[in-house]
Amino acid sequence: MIADDQIERADAAALAEVGVFVEGGERSGTYILRDFQPVCALTETEGLELLPIAVALEKYEWLKEKYYWKLVPTDLDEVTAQVASQPEPQGVFIRVRKGCQVTLPCQAALYMASAGIAQAVHNVIILEEDAELGLITGCVTGHGVSRGTHWAVTESYIGQNATLTNTMVHSWGPEVEVRPRAATMVEEGGTFVSNYVSLRPAGDIQSNPRTWLNGRGASAKYLTIILASKGSVIDIGGEVYMNADDTSAELVQRGVSTGGRITQRGLMVGNARCRAHVDCAGMLLDPGGDGLIQSIPGLKALHPEAQLSHEASIGKIAPEQVEYLQARGMEEREAISLIIRGFLEADIEGLGPELDARIAEIAELAGHGEEK
Amino acid sequence: MANLLEVRDLCVEVEGQEILHNVNLTIPEGEVHALLGPNGSGKTSLMMTIMGYPAYKVCRGQILFDGEDITDLDITERARLGIGIAEQRPPTIAGVKLRQILDYAIGGDPQRADELEALVQGSHVESFLDRDVNAGLSGGEIKRSELLQLLATRPRFAMMDEPDSGVDLESLELVGEMVNWLFSKDPARPAKRRAGLIITHTGHILNYVHADKAHIMLDGRIGCSGNPRIIFDRIRESGYEECVRCILEEGEGE
């Protein structure tokens, strides 16, 4: 339970929108950062440790020596420099002990309740050998908060045969600038699954997470689903470096623009015997407006046994599809929402009910043309 | 019986070209009519116009449904009044499953869900129920999918475009059975049979379902109407050319 005086009803509603539940909800652990204040960091699950990063740094000397700022350099860009300059670091430290499989998802929320603030957080996630964790990260602005900046560094370490599934749901106000800097290292036989869903039309998101598959048989899978409405500028990529034999990676991007600008990137770098595929698809629903979608899938092979491929397409909704569904009694908007939902989910299996619900919401929003 | 559908002096254009000319067609409640005619004569266009597809522009005339002028209503409004269609070449929609469309049609009614389940099993669509609608289906599968959707929406007036073409004999049996379910008595109004319009150019489907009347369409016009058996036998014997001749003669005699 989380103390009532710290999380108000309106906050709880905002958090629920990104899949973070203040009460109820089957969760193995919860971390909530409200503006600059961690209001909750708790877990009762054995083998799962969850602490504010500042506390963890004091508790564990090895954290700084081996993990903190080791995947992302402090001088990468102005975002990392800003995060590194915080007098007291904000963010969460999550560790799953060797062999522990946390079956219920763990949730972390970075919540911007006040307008105009600049959040700068640093998260470190460590999965030891054979560990497993499903993480739901919700980043959200409170009701009526339209401006602010959210800068975040996340370093994830996935040990041998460990599996991390991170489902990140963003729901930002229209003038929020979002700059995640994520880096993940995967050891032998480890698996990293990253699902990213941007629900509301954030003003400006730029993200290019990097993953290094350093152990034999390691794999990474990125799935990115975004809605960009008028005024949004969203540039999302993903780079995977396959440095060991039998590694594999898949990057899937789905974007719908109802007037915003979307750039889909993806870069697969094969340094060993590996396989990788990039699949970008966009749908532009913006007659005569400023909407734009560009897809830039990239492949780089430095090893003769690297098998890399990509596909990209940008299309529209065919009127005969809408009319066909209308003939079954659907309103035009309902038909468009269903088609968008189909487009976002096409060829993607096993999203799970929570992600499925988010996608339905995006489709609903996109089908109505304008954001709420 | 009162007229359910009345098409009055209808002219229709597609991309600026008139393709239906002065079409008149009346279908009373409880009657099923067959629409015959060679390829390209305008049968599908008439059906799509009745459904309200915007590519088919009514340039003159009226369509009345249950006494109400529906000429200016959109597809959704017509569907909700009870007009339904099983298309011959329906579009595929990536990511949209047949099951989703069926679920929409029954609107979460648990009683109807049981009924739908029985229909799903009876129409042998399980193998593609959770696949993208119409994607990679055989001719017979498309017919079954379309007829099942039509059954699920429970229209007052059901139209189907060539339910018997491109279907092997075995599948035709099942298609015929489904058409019969559709035109058996309407459970919501047990006193009445559902009304409808069936486009066929092979006529096979008429071995499975009773049609009250047949109309021949030639060159965007309804040339003649009458007893389906007699008309169909004539066509089988002498082809549509004979119809053309007969209609022309009739025209000269007037």
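Predicted model: local features only at pLDDT ≥ 70, side-chain atom pairs only at ≥ 80, totals over all residues.
1. Burial here rests on a count of 20 or more other C-beta atoms within 10 Å of a residue's own.

2. Which strands does β19(A) pair with, and how do they run? On the one hand, strand β17 of chain A (residues 247-258) is joined to β19(A) by eleven bridges, and the two run parallel; within this pairing, A:Ser248 has A:Arg275 of β19(A) as its bridge partner. On the other hand, ten bridges connect β19(A) with strand β21 of chain A (residues 306-315), again in a parallel arrangement, and here A:Cys274 finds its bridge partner in A:Ala306 of β21(A).

3. Turning to chain A as a whole, its secondary structure comprises seven helices and 21 strands. Its radius of gyration is 20 Å, close to the 21 Å that the globule rule gives for 372 residues, so chain A is as compact as a globular protein of that length. The C-alpha trace of the chain spans about 65 × 60 × 35 Å along its principal axes.

4. Two further figures describe the interior of chain A. Of its 372 residues, 55% are buried, and among the contacts in the chain with a separation of 6 or more, 81% are between residues 24 or more positions apart.

5. A local example is A:Gly142, which sits in the loop between β7 (132-141) and β8 (147-158) of chain A.

6. Where chain A meets chain B, 20 residues of chain A are in contact with 19 residues of chain B. On the side of chain A that touches chain B, helices α5 (319-326) and α6 (332-345) of chain A each supply at least two residues, and α6(A) gives the most, with seven residues. By class, that side of chain A is made up of nine nonpolar, four polar and seven charged residues.

Methods:
Residues numbered from 1 in each chain as written. Chains lettered and ligands numbered in written order. Pairing = 2+ DSSP bridges. Helix = DSSP H or I, 4+ residues; strand = E, 2+ residues; numbered from the N terminus. Contact = placed C-beta atoms within 7 Å. Nonpolar A, V, L, I, M, F, W, Y, C, P; charged D, E, K, R; others polar. Rg over C-alpha atoms; globule rule 2.2 N^0.38 Å. Buried ≥ 20, exposed ≤ 12 C-beta atoms within 10 Å, placed from the backbone.
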